[in-house]
Amino acid sequence: MIANYHTHTPRCNHAQGSEQEYVDSALSAGLKILGFSDHTPYFFPGDYYSTFRMRPEELPGYVSTVNALRDRYADRLEIHVGVEAEYYPKYFDRLVDFLRQEQVEYMILGQHFVGNEPDGVYSSQPTADKAILEAYVRQGIAAMDTGLYTYMAHPDILNFTGNRSVYNEWMGLLVREAKDHGLPLEFNFLGFREGRNYPDQRFLELVAQAGLPMVLGCDAHQPEALQVPKVETQVREKLGKLGIPILETVPLKKLG
Ligand SMILES: [Zn+2]
Ligand SMILES: [Zn+2]
């Protein structure tokens, strides 16, 4: 791998290892580009507290820590500071203003909830409800329409257990829209390693049919997750068999 744009830090409360350790691991892995994309802070109303993301007041320290490493390793590794951000329409404009103000470079889309998080449905909870699948796809397309995302992380996180033709109808639409928007889709290493519901074979077949390439994302929550040569070999074989080309790098959609 040359590039990984999907890297977390302990600020999200469920990752381990300092930013320095992620950089050291990336160098050992031979990466040329390392993008940090920790779970973004979000401004929710009332007393709702989201446990899996950094707090707004942690963002400036995150950006300055990553930027210091960027400067220090400039001759060896291209480092970028981004966030993984859901598209929650009600709270999105305020988020983007804040990310711009704090000079976050890029966003990847990781839609962990359908709807708005405080009253939404968790995306990887199994469901046979067609309405949830449809809402997930429509929300993903609306996110693409913002034009602000660099790529879509684990686009197949929605855990639909219903009819295959219904899955194909809606996820096929998501794939076609990604193609039309020129938005790269990720093959998620974390889900692959842990045997999660994603990457979803049904989804990969739709991607193959659409002739789309995929970007590889470590979704690293530990520094060691950047050094996974065996997993990488398996993934390349799998995608090769399906006829899905790999996007080794992607252009960053700069927020600035
Ligand atoms: Zn995470
Ligand atoms: Zn992630």
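A salt bridge is a side-chain nitrogen of Lys or Arg within 4 Å of a carboxyl oxygen of Asp or Glu. This is a predicted model, in which local features need pLDDT of at least 70 and side-chain atom pairs count only at pLDDT 80 or more, while totals for chains, interfaces and linings use all residues. Residues are numbered from 1 along each chain as its sequence is written, chains are lettered from A and ligands numbered from 1 in the order in which they are written, and side-chain values use heavy atoms, with hydrogens and water left out.

Q: Why is the contact between Asp-75 and Arg-76 called a salt bridge?
A: The N to O distance between the side chains of Asp-75 and Arg-76 is 3.8 Å, and the limit is 4 Å, so the pair qualifies. By this rule the count comes to 12 salt bridges.

Q: What makes Asp-75 exposed?
A: Exposed means over 50% relative accessible area, buried under 20%, and partly exposed in between (1.4 Å probe, protein chains only). Asp-75 has 66%, so it is exposed. Arg-76, at 48%, counts as partly exposed.

Q: Which parts of the chain does the salt bridge of Lys-254 and Glu-105 link?
A: The side chains of Lys-254 and Glu-105 meet at 2.6 Å, N to O. Lys-254 lies in the segment after β10 (246-247) and Glu-105 in the loop between α3 (89-101) and β4 (106-109), 149 residues apart. Helices (H or I, at least four residues) and strands (E, at least two) are DSSP runs, numbered from the N terminus. Lys-254 counts as exposed at 52%, whereas Glu-105 is buried at 14%.

Q: How do you know that Arg-138 forms a salt bridge with Glu-134?
A: The closest N and O atoms of Arg-138 and Glu-134 are 3.0 Å apart, which is within the limit and therefore meets the rule. Both residues lie in helix α4 (residues 130-145), four residues apart, about one turn of the helix. Arg-138, at 46%, is partly exposed, and Glu-134 is partly exposed at 25%.

Q: Why is the pair of Phe-187 and Phe-189 called edge-to-face?
A: Rings of Phe, Tyr and Trp (its six-membered ring) pair if their centres lie within 6.5 Å; planes under 30 degrees apart count as stacked, over 60 as edge-to-face and the rest as tilted. The centres of Phe-187 and Phe-189 are 6.4 Å apart and their planes stand at 80°, so the pair is edge-to-face. Both Phe-187 and Phe-189 are buried. The count by this rule comes to 15 aromatic pairs.
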